[in-house]
Amino acid sequence: MVTQRELPVGRYGSRDKRRGPRWAYWALLAVFVVAGLVVAYVAYVNLGDGPITTEPARYRIVDDKTVEFSFTVTRDDPAKDADCIVRTKSKDGDEAGVREVYVPAGGDQRTVDTVVHTSKQAVSVEVYGCSYQVPPYLRSS
């Protein structure tokens, strides 16, 4: 027969520790669940597919300082103008040139041609991103 030893009184604390109110546990759990849902929604909005997507069509390196680039823009709202940023990179990975390109409204899919002037010879071209927030200086050109 195994007997349980008595623990010295006061040495290990009391076994009868009172926990907080049960409603506080559930309230804290609800706060964490709501905070998690808010974080998930913000991540979805900011990291999900954007309203404007692009796909490179072709590019041609004209000379050490010039690149011709064509890309296809697909918009969820073809009635809005768009602004796309195109950038080139050199062999060492540095950004060699940047250009903002105005994409006028019309058609949910459109191919855009542009020329990017560079500070050194480019080896690649990409569309960095697009937005419906077109600055006034692009609209007037």
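Arg58 and Asp113 meet in a salt bridge, with their closest N and O atoms 3.9 Å apart. Asp113 belongs to strand β5 (residues 109-117) and Arg58 to strand β1 (residues 52-63), so the pair ties together parts that are 55 residues apart in sequence. A salt bridge here is a side-chain nitrogen of Lys or Arg within 4 Å of a carboxyl oxygen of Asp or Glu. Strands (E, at least two residues) and helices (H or I, at least four) are DSSP runs, numbered from the N terminus.

The model is predicted: local features need pLDDT of at least 70 and side-chain atom pairs count only at pLDDT 80 or more, while totals for chains, interfaces and linings use all residues. Residues are numbered from 1 along each chain as its sequence is written, and side-chain values use heavy atoms, with hydrogens and water left out.

## Salt bridges

Side chains of opposite charge can pair when their charged atoms come close. Across the whole structure, the search finds seven salt bridges, including the one between Asp113 and Arg58. Another joins Glu68 to Arg60, at 3.2 Å from N to O. Lys120 and Asp92 form a salt bridge too, and their closest N and O atoms are 3.2 Å apart. This pair links distant parts of the chain, since Lys120 is in the loop between β5 and β6 and Asp92 is in the loop between β3 and β4 (95-103), 28 residues apart. Arg87, Glu95 and Glu126 are linked in a network of salt bridges.

How exposed are these side chains? The table gives relative accessible areas for the residues of the three pairs; buried means under 20%, exposed over 50% and partly exposed in between (1.4 Å probe, protein chains only).

| Residue | Relative accessible area | Class |
|---|---|---|
| Asp113 | 53% | exposed |
| Arg58 | 54% | exposed |
| Glu68 | 33% | partly exposed |
| Arg60 | 46% | partly exposed |
| Lys120 | 30% | partly exposed |
| Asp92 | 52% | exposed |

## The disulfide

The structure has one disulfide, a term used for a pair of cysteine sulfur atoms within 2.5 Å. Cys84 and Cys130 form this link, and their sulfur atoms are 2.0 Å apart. The angle about the S-S bond is 110°, and the link of Cys84 and Cys130 is right-handed. It connects distant parts of the chain: Cys84 is in strand β3 (residues 82-90) and Cys130 is in strand β6 (residues 122-131), 46 residues apart. Cys84 is buried because its relative accessible area is 0%, whereas Cys130 counts as partly exposed at 23%.

Strand β6 also holds Val123. Val123 has a relative accessibility of 39% and therefore counts as partly exposed. Its C-alpha atom is 6.1 Å from that of Lys89, although 34 residues separate Val123 and Lys89 along the chain.

## Aromatic rings

A pair of aromatic rings is described by the distance of the centres and the angle of the planes. Rings of Phe, Tyr and Trp (its six-membered ring) pair if their centres lie within 6.5 Å; planes under 30 degrees apart count as stacked, over 60 as edge-to-face and the rest as tilted. The count by this rule is two aromatic pairs. Tyr25 and Trp26 form an edge-to-face pair, at 5.1 Å centre to centre and with 75° between the planes. The ring centres of Phe69 and Phe71 are 5.4 Å apart and their planes are at 25°, so this pair is stacked. Phe69 counts as buried because its relative accessibility is 2%, and Phe71 is buried at 0%.

A charge sits over a ring if NZ of Lys or CZ of Arg is within 6 Å of the ring centre and within 35 degrees of the ring normal. Lys80 provides such a contact: its charged end sits over the ring of Tyr132, 4.9 Å from the centre.

## The three-stranded sheet

Strands of a sheet pair through backbone hydrogen bonds, either parallel or antiparallel. Two strands pair here if DSSP finds at least two bridges between them. Three strands form an open sheet with the order β1-β2-β5 and antiparallel pairing. Strands β1 and β5 are the edge strands, each pairing on one side only. From one strand to the next, the twist averages 20°; axes are lines fitted to C-alpha atoms, for helices over the stretch in contact, and angles run from 0 to 180 degrees between N-to-C directions.

Strand β1 is joined to strand β2 (residues 66-75) by 10 bridges, and the two run antiparallel. Asp63 has Thr66 as its bridge partner in β2.
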